[in-house]
Amino acid sequence: EVLTSAQRFEDAIPILERYKLLDREGTEVYVLLSSAYLKKGNITKAVDNLRQALKLDPFNDVIRVQLARVFEREQLYSEAVKLLENIEPEEIADACSRERLSILVDCYIGECRYNLATQLLEEYSTSFPGSSDVLRKKIRLNRRLEQWTNVESAHKRLLEVEPSYDSYRMLADFYLERDEFEHLEKHLLAAYELFPKEPDLAKKLSVLYKEDRPDESLKWINRALELSGEHIEEWYYLKGELLVRVGKHENALQWFTSMRELFPECDYDERVEELIERDKKYKKTYRILKKAHLALEKGIYKKALEHYRELVNLVPDNPAWLEQLGN
């Protein structure tokens, strides 16, 4: 028990296996051993030990719920449901009853039995009002049903119930996925007021401003790197890319050179040349883009088509220009 609580599972497992041979009737050792195997990622042995514990004590609902949770995580939904549907909820403790409802909802969503999931989620919500777990499941269920307004509402309610950075991050990811950039900007700036020392938040703002406001983006990635205690290659590379975008080519070269010490396996010379070349191409496109917009405004579509073809030939990875050419 001491070793397990200290997260020393490698040391705990052999002792628990020996103890199992000495006391074949007690369930505690099987439950503890199952937890240790789960932490080590050995699902088969974790399930075997919980099955053995349930065999010794078939009316132990706590063990039954624990085994069901393992099945649910492994997406063996029917196995989990079989274990839980036989439990009478009014006869078990509140904590166990709550976990039972939680697992069943997850299983029904996993099996696409959305009516059952909705019905049970209402019961869960009534029994445990204000639960952040209920709101997370509502988000998951409404995403499956593509009810995006309900997804957003559940996210906002989650911010009230559990105003953690993780809750703010989830809503930011939702806005980004839905291409709702105005909402995303307001949300991220509001989050920054609450979490000014969160490096991931500063990085998200940098990515948001990267295409249209590279100067602003550079400010935020500098902030992210200042706050972060880790060396994340993607973040460092983003700063180098932004230095190129704002025309600071000499600074970019120095920055990429300094990165070699942190990330020796990557060859940045070729990448820098590509970035500078792409930057030059973007600068060439401004004049053509103005002509394209003017042709569209005047309704001269053949001329606009020629200009957008030219833009896409120069910069083939710009989705906005590809879309306009397609239109």
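In which helix do Lys82 and Glu79 both lie, and how many residues apart are they? Both residues belong to helix H6 (residues 77–85) and are three residues apart, about one turn of the helix. The structure is a predicted model, in which local features need pLDDT of at least 70 and side-chain atom pairs count only at pLDDT 80 or more, whereas totals for chains, interfaces and linings use all residues. Residues are numbered from 1 along each chain as its sequence is written, and side-chain values use heavy atoms, with hydrogens and water left out.

The protein has 19 helices and zero strands; helices (H or I, at least four residues) and strands (E, at least two) are DSSP runs, numbered from the N terminus. Its radius of gyration, taken over C-alpha atoms, is 28 Å, while a compact globule of 327 residues would have a value near 20 Å; the globule rule is 2.2 Å times the number of residues to the power 0.38. Along the principal axes, the C-alpha atoms fill a box of roughly 80 × 50 × 35 Å. Of the 327 residues, 42% count as buried, where buried means under 20% relative accessible area, exposed over 50%, and partly exposed in between (1.4 Å probe, protein chains only).

The structure holds 27 salt bridges, a salt bridge being a side-chain nitrogen of Lys or Arg within 4 Å of a carboxyl oxygen of Asp or Glu. In the pair formed by Lys82 and Glu79, the closest N and O atoms are 3.8 Å apart. Lys82 counts as exposed because its relative accessibility is 54%, and Glu79 counts as partly exposed because its value is 28%.

Arg136 takes part in two of the pairs described here. With Glu162 it forms a salt bridge whose closest N and O atoms are 2.4 Å apart. This pair links distant parts of the chain, with Glu162 in the loop between helix H10 (148–161) and helix H11 (165–177) and Arg136 in helix H9 (residues 132–144), 26 residues apart. Glu162 is partly exposed at a relative accessible area of 24%, and Arg136 is likewise partly exposed at 27%.

Arg136 also forms a salt bridge with Asp166, the closest N and O atoms being 3.5 Å apart. Asp166 lies in helix H11 and Arg136 in helix H9, so this pair ties together parts that are 30 residues apart in sequence. Asp166 is partly exposed, with a relative accessible area of 30%. Elsewhere, salt bridges that share partners join Arg69, Glu72, Glu99, Asp106, Asp133, Lys137 and Arg140 into one network.
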